[in-house]
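Welcome! Take a moment to look over the sequence and the model before reading on.

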Amino acid sequence: MLSPRLGEAARRNLTAYGLLSAALLCFALFSWWPIIRGVLLSFQQVDFVNEPTWVGFANFERLFADPLFGIAWRNTLLFTALALLLGFVVPFITAVVLNEMRHARAYFRLLVYLPVMLPPVVTSLLWKWFYNPGPGLFNDGLRAVGVPPLHWLDSGDTAMISLVIVSTWANMGSATLIYLAALQTIPGELYEAAELDGASLWKRLWHVTVPQTKFVLVVLMLMQVIATMQVFTEPYVMTGGGPEDSTLTVLLLLYRYAFVYNDFGTASAMSLLLFVVLGVFSATYVRLTKGRA
């Protein structure tokens, strides 16, 4: 026989679990089960027309034998590195500038965040027109100052950095606002003390701003690496992986396996490899930065 206190606690717990059950069920069906199903598919030959057959590691062997597999990983890592140089530094500097502004601050915050509200496909199509080698906006600007037009998306030398610029412009708004919120929590006394000590703007930024926002910097860097390693929309819409596979990424190759070659088993194997790589990177990154933020 339960005591009244234990009975009341049990009823509260049952009510809580009952309210959570619908959310847990949806999460299990739409998150956990697809992950488990994807792992199973990676060891099967699947086209969703014929009966799936168990092939073991044959899908992974096919991936490693495909020369495009290495090219896709190289391009993805290059995109991630370039995106960190631009997409990690530019939002932070923008947030610092916005934090120092005294007039029209809300207007400029809206202006910075506006690209985030645009659908990614719309953004990619808009910038594809900007990059158009004929009537594109950028080449018109270059012609106006007497500079020869560039083949932004049609040259292997400029296609990747062109995609990185688009990605940075489209996604920097969220990171900028997060940095701005972190900057506004820094006590003003720290800057006043640094100014009294004769610290320059750069020294105040390096010795006050960066240490005070280190936790946010660490978290957003991890999130950005995970996001940029999964880049798909920009190369799919703007270049199709070209020219000469110079912008072919892991997710774009995965898409080709699934919806062009109709080989969902190999596509699942590739997604599993990406999952493992990102998981190992995330665990290592968290371990290395633990206690430093």
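Is N262 buried, partly exposed or exposed? With a relative accessible area of 36%, N262 is partly exposed. Please keep in mind that everything here describes a predicted model.

**Around N262**

N262 sits in the loop between α12 and α13, the latter covering residues 264-289. Its backbone deserves a look: N262 is not a glycine, yet its phi is positive, at about 60 degrees. Most residues other than glycine have a negative phi, and most peptide bonds are trans.

The loop between α11 and α12 holds another such residue, E244, whose phi is near 55 degrees. E244 counts as exposed because its relative accessibility is 80%, and the cut-off for that class is over 50%. P243 also belongs to this loop, and the peptide bond leading from G242 to P243 is cis, with omega near -5 degrees.

**Salt bridges**

Three salt bridges turn up in a search of the whole structure.

| Pair | Distance between N and O atoms |
|---|---|
| D263 and R62 | 2.2 Å |
| R143 and D140 | 2.9 Å |
| D245 and R256 | 3.9 Å |

D263 is buried, at a relative accessible area of 10%, while R62 counts as partly exposed at 40% relative accessibility.

R143 is partly exposed, with a relative accessible area of 38%, and D140 is partly exposed with a value of 38%.

The side chains of D245 and R256 also meet in a salt bridge. This pair links D245 in the loop between α11 and α12 with R256 in helix α12, eleven residues apart. D245 counts as partly exposed at 24% relative accessibility, whereas R256, at 18%, counts as buried.

**The largest pocket**

The largest pocket has a volume of about 610 Å³. Its lining is made of 29 residues, and S167, N171, M172, A227 and T228 are those that lie nearest its centre. Which helix gives the most to this lining? That is α7, with nine residues. The helices that each supply at least two lining residues include α3 (67-100), α7 (159-183) and α10 (214-228).

**Regions from the record**

An unreviewed UniProt entry places the feature "domain: ABC transmembrane type-1" at residues 73-285. In the model, that stretch is 74% helix and 0% strand, and its end C-alpha atoms are 20 Å apart. The unreviewed entry also lists several stretches as "transmembrane region", among them residues 14-35 and 159-182. Residues 14-35 are 100% helix, with end C-alpha atoms 29 Å apart. Residues 159-182 are likewise 100% helix, and there the end C-alpha atoms are 34 Å apart.

**A nonpolar patch**

Finally, turn to the surface. Y17, L20, L24, F27 and W32 form a nonpolar patch there, with about 560 Å² of accessible area together. W32 is located in helix α1 (residues 4-41) and is partly exposed, with a relative accessible area of 44%.

Conventions
Residues numbered from 1 in each chain as written. Predicted model: local features only at pLDDT ≥ 70, side-chain atom pairs only at ≥ 80, totals over all residues. Heavy atoms only, no water. Patch = residues over 30% accessible without salt bridge, like charges linked within 9 Å, V, L, I, M, F, W, Y side chains within 5 Å. Areas by Shrake-Rupley, 256 points an atom, 1.4 Å probe, with all protein chains shown as cover. Salt bridge = Lys/Arg side-chain N within 4 Å of Asp/Glu carboxyl O. Helix = DSSP H or I, 4+ residues; strand = E, 2+ residues; numbered from the N terminus. Buried < 20%, exposed > 50% of the residue type's maximum accessible area, 1.4 Å probe, protein only. UniProt positions renumbered as here; feature names shortened; annotations may be inferred. 1 Å grid on protein atoms, 1.4 Å probe; cavity = no way out; pocket = protein on both sides within 12 Å on 5 of 7 lines; lining within 4 Å. Points joined across faces, edges and corners; volume = space filled by probe spheres on them.
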